[in-house]
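Colleague: I would like a close look at one part of this model. Please take the pocket question and keep it brisk.

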Amino acid sequence: MKKIIALILTVSSLLAFGCGSNTAPSSNKESVPKLTELNLTYVKSPLNIPSIIEKRRGVFEKAFDADGITVKYSDLNAGPKQTQALAAGQIDVCHALGGTSAILAAANGVNLKIVGMYSRAPQAFNIITKNPNIRSVRDLKGKTVAGPKGTILHQLLIAALRREGLTINDVKFVSMGIPETAAALAGGSADAGLLAGPAALKMTDGGARILSTGEGLLDASIVIAMRGDFLKKYPEQAEKFMTAHRKVVSDYQKDPKGFYGDAAAETGLTIQQVDHMAKWYDFNPSICDSDIKDLEATQQFLIQTGMLDKSKQIAIKSLIAR
């Protein structure tokens with residue numbers, strides 16, 4: 001009996017010091033800090049009705065309140081600026097990022113994952129002019145065209161020029177944001193402008209003309225992208241974000257006109273103008289095979305036009321986090 005008691009005491013002592021355990025100490029596991037702040041972009045243009053609803057009605061604030069997570073919005077609109085902020089760790093979610101910008105960023109080493117589609121709206125992207133002597137895209141040769149570089153609008157310009165046998169080198173392209181483009185077009189310092197959404201509608205209502213939309217040239221895929229390390233560390237919060245977004249889209253699809261007031265108040269459009277434009281948008285967040293094919297085609301387009309070096313092309317499916 002004394003020998004048995006001695007053996008038990010010996011084994012107990014060894015276990016107390018961790019000996020005889022095949023399980024690694026918990027201190028060796030990667031420690032993930034609690035998420036206290038969620039940073040996302042707020043892009044309301046061209047007419048991103050889901051984002052407008054989410055911000056005006058505090059959808060994400062309500063979804064994350066119980067977790068003690070503060071939601072902060074950034075008004076970065078241009079795709080390259082969004083991905084730069086994502087790469088710097090300043091943004092967790094690019095909530096409405098052009099497919100072109102997502103591909104260019106990922107190809108250049110930015111760790112991002114596409115977690116959903118935001119929209120598809122080729123009719124919402126336009127090449128516009130006020131110059132009476134410019135009747136078609138072909139007439140843009142030698143003219144000054146303003147618009148945001150590295151975006152779907154930029155892609156539209158290149159595609160429209162190529163359809164007419166021209167290249168981007170046949171025009172004087174000046175890179176600037178949408179508000180600045182509208183001002184340049186209105187002031188006459190640009191012969192044509194790349195505009196979308198309310199800015200385009202207001203310009204055409206003022207007498208400007210549309211030379212081309214994206215219809216037949218591109219699908220204008222807008223995605224929802226997250227930082228790869230954010231998605232890895234906080235998968236539950238990432239899913240909660242997407243669940244809240246899917247619910248908003250579902251509610252909107254059931255009763256679109258019930259949300260037109262929010263969109264009108266946020267954009268300065270009338271209810272009638274919102275109703276006119278809203279029909280152009282497909283906000284289904286599910287990633288379909290057709291979306292992947294469109295993104296693959298977009299990458300090939302970027303390579304063919306020299307915007308992306310072929311040696312940097314990526315497997316689009318590797319960007320998709322379902």
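This is a predicted model: local features need pLDDT of at least 70, side-chain atom pairs count only at pLDDT 80 or more; totals for chains, interfaces and linings use all residues.

What volume does the largest pocket have?

Modeller: Local features need pLDDT of at least 70, side-chain atom pairs count only at pLDDT 80 or more, totals for chains, interfaces and linings use all residues, and side-chain values use heavy atoms, with hydrogens and water left out.

The largest pocket has a volume of about 880 Å³. A pocket here is an open set of points on a 1 Å grid over the protein atoms alone, where a 1.4 Å probe fits, with protein on both sides within 12 Å along at least five of seven lines. Volume is the space filled by probe spheres set on the points, which are joined across faces, edges and corners.

The lining of the largest pocket holds 36 residues. Lining residues have an atom within 4 Å of a point. Nearest the centre lie V43, S45, N77, A78 and I178. Two or more lining residues come from each of α4, β3, α6, α7 (178–187) and α8 (197–205). Helices (H or I, at least four residues) and strands (E, at least two) are DSSP runs, numbered from the N terminus. Helix α4 gives the largest share, four residues. By class, the lining has 19 nonpolar, 11 polar and six charged residues. Ala, Val, Leu, Ile, Met, Phe, Trp, Tyr, Cys and Pro count as nonpolar; Asp, Glu, Lys and Arg as charged; the others, Gly among them, as polar.

Now the second largest pocket. Its space is about 270 Å³. It is lined by 16 residues, with P80, L104, K149, G150 and M307 nearest the centre. At least two lining residues come from each of α4, α5 (99–107) and α6. The lining divides into seven nonpolar, eight polar and one charged.

Next, the salt bridges. The whole structure has 13 of them. Each is a side-chain nitrogen of Lys or Arg within 4 Å of a carboxyl oxygen of Asp or Glu.

Take D92 and R227, whose side chains meet at 2.6 Å, N to O. D92 lies in the loop between α4 (79–87) and β3 (93–98), and R227 in strand β10 (residues 221–227), so the pair ties together parts that are 135 residues apart in sequence. D92 is buried at 6% relative accessibility. R227 is buried too, at 12%. Buried means under 20% relative accessible area, exposed over 50%, partly exposed in between (1.4 Å probe, protein chains only).

E164 pairs with R138, the closest N and O atoms being 3.1 Å apart. E164 sits in the loop between α6 (152–163) and β7 (172–175), R138 in the loop between β5 (125–129) and β6 (144–147), so parts 26 residues apart in sequence are tied together. E164 is partly exposed at 27%, whereas R138 is exposed at 52%.

K240 and D67 form another salt bridge, 2.7 Å from N to O. K240 is in helix α10 (residues 235–254), and D67 is in the loop between α3 (59–65) and β2 (70–74), 173 residues apart. K240 is partly exposed, with 30% relative accessible area. D67 is partly exposed at 27%.

R56, R57, D262 and E266 are linked in a network of salt bridges.

Methods
Residues are numbered from 1 along each chain as its sequence is written.
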